[in-house]
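Me: I have a structure open and want to learn how to read it. Where do I begin?

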Amino acid sequence: MYQTINTTIENNTLFIYINRPDKMNALNQQVMAELALAIDEVYKNQEIKSAVITGTGEKAFVAGADISEFLRLSPQQAVELANKGHMIFKRIEDSPKPIIAAVNGFALGGGCELAMACHFRIAATNAKFGQPEVNLGIIPGYGGTQRLTALIGKGKAMELMMTADMINAQDALQWGLVNHVVAPEELLTKAKEILAKIHAKAPLAIARVIKCTNGAIDKDIDGYELEINEFGACFSTKDMQEGAAAFIEKRPASFIGE
Ligand code: COA
C-alpha cells in the first residue's frame, strides 16, 4: 500500500519505518503524505495502542526534508510545505496514543523535528542529531525552533541551530533530547519494553497525560486549568473504578479503555 514507508503491527504497536535508505530516509512530499496516512491509522485503528517511528537501514533515522525539492519552491509554496509539515507533526504530537521515535542514525533537520514531535525519543548509540538548515540558507520549518527550545532550553537550542553542529546520542541524552541510549540492535526491544508497560495502563488516562503535558507548552492553553478538568473527567471512567478497586483488593488492574 505504501511506497516510501513500511508499516507493521506487532503486539498492538504500529511500527512505521521511513523507507528511503538510499536517500538517508529524507522526507519528500510522498513520505509526508504516507506518514500522514499512517498516523491516521494510529488514531482510527482500535487494534493499535501505540506507534514507533524509525528509519530503514543502519545509517539514518531521517536526514531531513528532501533538499532536492527545495530549489523550485517559491516563498508561498515554502509556506504551504511548512504548513503541511506542521499539521502532520502536530497530529503526531496530539495523538491520544503514545508515539515514540526510535532514532537509529542521523536525525537532522526535518528528521530531528519528526523525532521531537513524537512523545519521547530513544536513540541508538550511533544516532546523531542536528538542525543544519542554516547551512542551506533556511531555518527549521517543521516546528524545530519551538520544540527544540521546549526540550533542551533556549541557549542550547540557539547554539545548535546557529552552528548547525551535530550532537551524538550521549550529548542528546545529557541535553534531554532523548530519554535512553541503547545499542543499535536493542533499539526496538527497548521501545517494545517501554510500550508494554504503557499498554498495561488505562488508555484514557494515558491520552489525558499526553493532552495535559502538551498543554504545558501550548501558549493558547492554561495547562493548570486543563489538568483540573481532565483530572475530573477521569472520574467518569470505568477504568478509574477498576484501577482504584484493584489497588484496594491488592490485585493487578485490568483496564478496558472506557
Ligand atoms: N535530502 C535529499 N537527499 C538527501 C538528504 C536530504 N536531506 N540527505 C541525504 N540525501 C541523499 C544524498 O544526496 C545522497 O544521494 P545520492 O546517493 O543520490 O547522491 C544519499 O542521500 C546519501 O547521502 P550522502 O551525503 O552521500 O551520505 P553521507 O554518509 O556522506 O552523509 C549526511 C550523510 C546525513 C551527513 C548527509 O547526507 C547530509 O548532510 N544530508 C543533509 C542533511 C541536512 O542538511 N538536512 C536538513 C535538510 S532541511
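Me: How far is an oxygen atom of the ligand from an N or O atom in the side chain of Lys59?
Reply: This is a predicted model. In it, the Lys59 side chain places an N or O atom 3.2 Å from a ligand oxygen.

Me: Which of the 16 residues around the ligand come nearest?
Reply: Lys23, Lys59, Ala63, Ala65 and Ile67 do.

Me: Now the domains. How is the protein chain divided?
Reply: Domain 1 covers 5-198, and domain 2 covers 201-248. Their C-alpha centres are 26 Å apart.

Me: How do I read the size of an interface?
Reply: It is often given as the accessible area lost when the parts come together. Here, domain 1 and domain 2 bury about 660 Å² between them. Carbon and sulfur atoms give 56% of that area. On the domain 1 side, Glu93, Pro96 and Ile198 supply 48% of the area buried against domain 2, more than any other three residues.

Me: How many residues are in contact there?
Reply: 11 residues of domain 1 contact seven of domain 2.

Me: How many salt bridges and polar contacts link the domains?
Reply: There are zero salt bridges. Two residue pairs are in polar contact. On the domain 1 side, α4 (144-152) and α7 (187-199) each supply at least two of the touching residues. That side of domain 1 has four nonpolar, three polar and four charged residues.

Technical notes: Residues numbered from 1 in each chain as written. Predicted model: local features only at pLDDT ≥ 70, side-chain atom pairs only at ≥ 80, totals over all residues. Heavy atoms only, no water. Domains from an automatic or database assignment. Contact = heavy atoms within 4.5 Å. Buried area = accessible area lost by both parts, 1.4 Å probe. Salt bridge = Lys/Arg side-chain N within 4 Å of Asp/Glu carboxyl O. Polar contact = N/O pair within 3.5 Å; in protein donor to acceptor, adjacent residues only side chain to side chain. Helix = DSSP H or I, 4+ residues; strand = E, 2+ residues; numbered from the N terminus. Nonpolar A, V, L, I, M, F, W, Y, C, P; charged D, E, K, R; others polar. Near = heavy atom within 4 Å.
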